[in-house]
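Let's take a friendly walk through this model. Please have the sequence and the 3D view open as you read.

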Amino acid sequence: MKHNKLKISKIIDELINFCFSVGGTEIGVNIKEKPDFFEIHLSSDYKCENKEKVGELCKLLKCEKTEEMEEYYWHLTGDSDVDTELTLVGMMTDSCNIDITPNNHIDITLFRNK
Amino acid sequence: MITYIYIERRIIIDNVLANKKLFKADGTASENLKYLVFLIYGLILIIFGLIADSPNRIIYGLYKIIIEPDLLITDYIGVGGIGAAFVNSGLLTVISIFIMYHNKIRLTGATISAIWLISGFSLFGKNIFNVWFVIIGVLLHAKYQREPFAKYIYFAFLGTSLSPMVTQIMLGINLPRIISVPLGAAVGIFMGFILPPLASYLMRVHQGFNLYNTGFTAGIIGTVFVSLLRSYGVAIESRLIWTSGNNLVLGSFLIIMFLSMIMYGIRLDRNSISTWKNIFKYHGKLVTDFTILQGFPATLINMGINGLFATFYIILIGGDLNGPTIGGIFTIVGFGSFGKHLKNIIPILIGVFIGGMTKTWSLTNPSVQLAALFGTTLAPIAGEFGWKYGIIAGFLQSSVALYVGYLHGGLNLYNSGFAGGIVAAVIIPIVEAFRKDEF
């Protein structure tokens with residue numbers, strides 16, 4: 001088994017954990033399965049005192065996709081409420097768009113090829 | 001001789017650095033440069049070995065290393081001499097680097113730690129003969145999954161912790177060679193074949209708080225396998241081949257090596273010392289990749305400082321610098337790119353130290369020296385939950401590591417990873433249950 005859909009679930013779990021950690025109170029998730037890829041869209045508010053942590057998100061999610069890391073470590077995503085595995089999420093996705101708006105709102109769109 | 005080699009190396013490096021492909025457009029180190037740095041350290045291990053002994057003694061020493069069983073604790077310096085041990089380590093390091101490079105693996109912290117694990121354990125358990133069977137097994141798994149080998153490369157290199165199983169069956173049990181040799185090969189290949197799904201799955205047990213996850217997996221596999229062997233009357237007893245008296249020459253070599261890492265990190269980026277301090281804010285839990293988070297220069301500095309600290313720890317407690325302890329030091333160095341820093345390893349060592357003061361064994365007991373060095377697998381516990389829990393983790397780890405080895409018969413080289421997984425599986429749920437803060 002390749003666990004492709006389970007990996008998508010874990011990526012979303014990880015991002016939701018992150019949104020909670022930055023004080024998110026209204027989190028929306030939307031997933032689209034296309035013929036060749038999955039598109040994951042997540043939006044959330046955050047508390048302004050966590051602005052630095054939100055800024056770090058961009059650096060971590062824009063990690064280059066690394067399949068050998070994903071194969072070994074993917075089980076760690078979405079499993080911890082004391083820490084986040086955003087570097088690993090970055091390594092499990094092919095590309096991402098992050099939009100941080102001035103009114104303390106984040107929009108994240110991730111693409112993961114099949 | 002050492003000065004001549006240093007000058008030669010300096011000239012080579014300066015010429016190579018002139019090639020712009022070693023630096024990206026923004027001036028940061030490229031993948032080629034990072035690979036070159038660690039390739040040079042691998043070559044240095046070989047050169048050190050060639051200096052330490054004559055070629056004839058090295059060749060004979062390598063032969064002895066190959067034919068000797070490799071279960072814990074087998075110091076290759078005691079088996080084949082310093083020269084053969086370091087040439088073995090250097091050869092495996094260089095070969096591993098070439099395989100990683102050929103498979104276009106990014107030189108992240110995970111890659112660096114895997115390479116240094118190979119370097120370190122090639123001084124006491126992995127050799128140029130016994131590692132290939134597990135690697136072939138992983139390759140076959142990749143073929144079965146119709147995936148490139150590159151995707152499973154970490155399993156392949158880290159899984160060589162089970163290499164002693166191969167030689168133990170080939171050479172250490174009472175069967176005719178015509179049966180035991182192919183049987184050992186088959187067992188090694190089988191271990192490699194089943195390793196990837198197991199290692200990936202068992203990560204959940206400790207949630208990444210045990211850095212040597214493959215050690216935990218190998219301990220589980222080893223326990224099952226050795227239990228089977230014992231059920232058929234095969235006796236597997238641990239052993240101790242341990243050298244001492246080489247602290248001056250080995251200590252000098254290590255200190256120069258680690259100082260060079262620090263100096264080169266500063267040379268790559270003059271601000272890397274202040275960047276290095278940022279590393280302390282990370283807990284160290286898997287996956288904490290310092291090359292991504294703080295950059296390669298700061299990571300090199302962290303590796304060098306970790307190495308110096310671990311070396312001085314052994315020297316100051318009156319321990320021995322030899323194959324196994326240098327293996328432990330190299331592991332701390334390698335994971336200096338992937339989770340470990342002074343702030344999270346010191347509490348673990350304090351815990352082991354307190355154990356040494358109160359338990360029935362002393363700090364200079366060989367197993368305790370290794371328990372201290374390899375016990376830093378639990379550094380993330382100190383990083384995440386604080387130094388008190390780090391001390392508790394170290395205190396428990398030092399006992400568990402001493403006694404779980406019997407389960408796998410010493411055939412899992414990453415014994416501390418096995419012990420660390422057990423300790424983490426016990427400590428983490430308890431600490432989290434009583435912890436009030438969450439998101």
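Predicted model: local features only at pLDDT ≥ 70, side-chain atom pairs only at ≥ 80, totals over all residues.

The side of chain A that touches chain B draws at least two residues from each of four helices: α1 (4-21), α2 (51-61), α3 (67-73) and α4 (86-92). Among these, α3(A) gives the most, with six residues. By residue type, that side of chain A divides into 11 nonpolar, 11 charged and six polar residues.

Some of the charge is paired across the boundary: the rule finds two salt bridges between chain A and chain B. One of the salt bridges links A:Glu71 to B:Lys151, where the closest N and O atoms are 3.8 Å apart. That distance counts because the cut-off for a salt bridge is 4 Å.

Now for the interface as a whole. The size of an interface is often given as the accessible area lost when the parts come together. Here, chain A and chain B bury about 3100 Å² between them, and 59% of it lies on carbon and sulfur atoms. In terms of residues, 28 from chain A are in contact with 36 from chain B.

Finally, turn to the strands of chain A. Strand β1 (residues 27-33) and strand β2 (residues 37-45) run antiparallel and are joined by seven bridges. A hairpin of three residues leads from β1(A) to β2(A). To find your place in this pairing, look for A:Glu33, whose bridge partner in β2(A) is A:Phe38.

Note on methods. Residues numbered from 1 in each chain as written. Chains lettered and ligands numbered in written order. Heavy atoms only, no water. Contact = heavy atoms within 4.5 Å. Buried area = accessible area lost by both parts, 1.4 Å probe. Salt bridge = Lys/Arg side-chain N within 4 Å of Asp/Glu carboxyl O. Nonpolar A, V, L, I, M, F, W, Y, C, P; charged D, E, K, R; others polar. Pairing = 2+ DSSP bridges.
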